[in-house]
Amino acid sequence: MSDVTPGGDQGSALTPPEGAATFEVVEVRKGMFGVQGSGDTSGYGGLVTPVAMPAASPRPYGSWFDQVVDVLAEVLADGARVGGPTYDQAVEKVVVDLHGAESPDARQVELTLHVAREHLVAVCQALRDDQDLRFELSLGVSGVHYPHDADRELHAVYHLTSVTHSRRLRLEVAAPDADPHIPSTTSVYPANDWHERETFDFFGIVFDGHPALTRIEMPDDWVGHPQRKDYPLGGIPVEYKGATVPPPDTRRSY
Amino acid sequence: MSAPTTAPHATRAAGNEDMSSTVRAFEAYGDGDWDDIAREAIGEERIVVNMGPQHPSTHGVLRLMLEIDGETVTEARAGIGYLHTGIEKNMEFRTWTQGTTFCTRMDYVAPLFQEAAYCLAVEKLLGITDDVPERASVIRVLMMELNRIASHLVCVGTGGNEMGATTVMTIGFTAREEILRLFEAVTGLRMNHAYIRPGGVAVDTPEGFTTQAREALKKVRHYLKQLGDLMLANPIFKARLTNVGVLNLSGCMALAITGPVLRSTGLPYDVRKDNPYCGYETYDFDVPTAKGADCYDRVVLRIEECYQSLKIVEQALERLDRTEGEPVMVADKKIAWPAQLAVGGDGQGNSLEHIKKIMGTSMEALIHHFKLVTEGFRVPVGQAWQTVEHPRGELGVHVVSDGGTRPYRAHFRDPSFNNLQATSVMCEGGQVADVVVAVASLDPVLGGVDR
């Protein structure tokens, strides 16, 4: 559909936001109110807003984060001598989310390791088994679908807890929609069994090596993966006191 | 007739001779022993019993597939998904504030924990974790601990009922009723509260609430004592529960089982102590543990946790008295709804004075109110993870924002969902009657499991 807004489609050349080392566009928002195909009368049709996730954090990360990353690098370096991945191969980037805190020691600060999918199991094994890391508790897998993150559309997010050291960190793994394969972590964390089934069910991420990767919430013969962004929510208009309330996915968004 | 082939086939190829070795024939005459014939007939058969999803002892719509040999369960599998309602997907199409209305319906026995965890995660993204007023945190702690008692009472009560001890259930539910009355006084509802909101809570506690709560707590304490007296030394109860559904520490860690089941193995892991939120580090309470790792110890622990929760509630009530009149919502008017809730003619809604003021005297306030309620507020791009100690274990919330007024993704790591993975480990090798006890000790709530 051609854009008839004065000024036209101006957002084709996107530049990284100020100060960002990498550019992680996960979404591109156009116009306002989520109106599409009805002719733009708002004057906002030419608005193109790229949505970029937080970029890699520079050293030092602060708090215990440096120590954990250093130990992980050492353990992986040991493993690399017997054919494992090195730290640089395995960890793509490290993100520290401050969440409004002034110092990285605050409780709401979170550490995220973005891991190359083929090395996920090696990283999990190192994080679980080394005595200075000991992330022995895996609190499941959460899938996220970023349709605009080219060749990295499907993300799987793992949240690990170290009961021994009272620490939490997040692993994020991405896979392209065309090849939605991520190795299963059930050999390291058996608890991820159902969580991986759930993520497969909702996002279509295939966890290679999972003992029984079948649907868990949806019926076995269900078509499609409901939590993907291109899967419609569905719904019917509801009449209430004479007015018609449209289904939620056709309402305005801001 | 072609040459024999090795291609797979479901049935024997036609015309093959010598069927006698594979097909058994039974004859109803002769002088054989019927027992031998019966044993021969069913000796190698698998008997798979389907328990649920409508079985009353499976806490809703859990389906258990049991392979049994006599009374012994040789294989147990849990089937879930019968209550999947797509809450997480729905949340992506509502504002951040409306999200509480959805997540409260997940685990409907402990709704305030989902609300609290979700709001804490959203507050992280907003960067206002430290700006939440003290009174709001106190009310959150108070409501969560009351909810923990109510949830444990349901667990212990229904668990007793499933074993045929109806009195346990009636006492448990009578005590829970006292707590639900308190919830009704504060939130207006007995469940599905949507009371905790990003930035604080929806409305302050009503006048005279602390007095009402202290009266109710006396009764709850009385009922808890009755429950303890009725169950903990009861020989039948102990015979049914002791050494049943055992899951040791390494099993729990491997399967990421948290909550009372993990603490029954002796590990005092509690998120309230390990990674405190809502100011839990300032309350004085213990984390009870046990050594037996069986169903009996989990009941003991749940009752003990109720007493610890009562201890926290009493401290929270003192703080409520002390912070009387202080705000219960962040000061930022871009996040806090301007609503001043009061009961109107239809039993809900805004106070008349507030509506008169914004409709009659301040156009800007009206616009602001309208935009904030219909559009919602924007949340900075990023992702956050927040866990809270749910009555059933560690509840995690993963929220992702794309900078808009709606969650880009909201995922709940429900403890019931995770803990049900232990069904097979806890049930296999036991009797069918033990399955009921073991599942009850996991305390799954299927609304939370299926979401």
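Start with chain B, coloured by secondary structure: 18 helices and eight strands. Helices here are DSSP runs of H or I with at least four residues, strands are E runs of at least two, and both are numbered from the N terminus. The model is predicted: local features need pLDDT of at least 70, side-chain atom pairs count only at pLDDT 80 or more, and totals for chains, interfaces and linings use all residues. Residues are numbered from 1 along each chain as its sequence is written, while chains are lettered from A and ligands numbered from 1 in the order in which they are written.

Next, colour chain B by burial. Of its 451 residues, 49% are buried. Buried means that 20 or more other C-beta atoms lie within 10 Å of the residue's own; exposed means 12 or fewer, partly exposed in between, with C-beta atoms placed from the backbone. Contacts (C-beta atoms, placed from the backbone, within 7 Å) can be sorted by separation. Among those in chain B between residues at least 6 apart in sequence, 70% join residues at least 24 apart.

Select helix 4 of chain B, residues 111–126. The expected span is 1.5 Å times one less than the number of residues. Step past the helix to B:G127, where phi is positive, near 70°.

Now show the largest nonpolar core, 168 residues. Such a core is a set of buried Ala, Val, Leu, Ile, Met, Phe, Trp, Tyr and Cys residues joined through C-beta atoms within 7 Å. The residues with the most contacts inside this core are A:V123, B:A116, B:A117, B:A121, B:V122 and B:V435. Helix 5 of chain B (residues 134–162) gives the most to the core, 14 residues. Centre on A:V123. Beyond neighbours within four places in sequence, A:V123 contacts A:A90, A:V115 and A:L171.

Move on to chain A, with four helices and 11 strands. Of its 254 residues, 35% count as buried.

Finish at the interface. Here 38 residues of chain A are in contact with 43 residues of chain B. On the chain A side, strand 5 (137–145) and helix 4 (192–203) are among the elements that each supply at least two residues. Strand 5 of chain A gives the largest share, six residues.

Technical notes
Contact = placed C-beta atoms within 7 Å.
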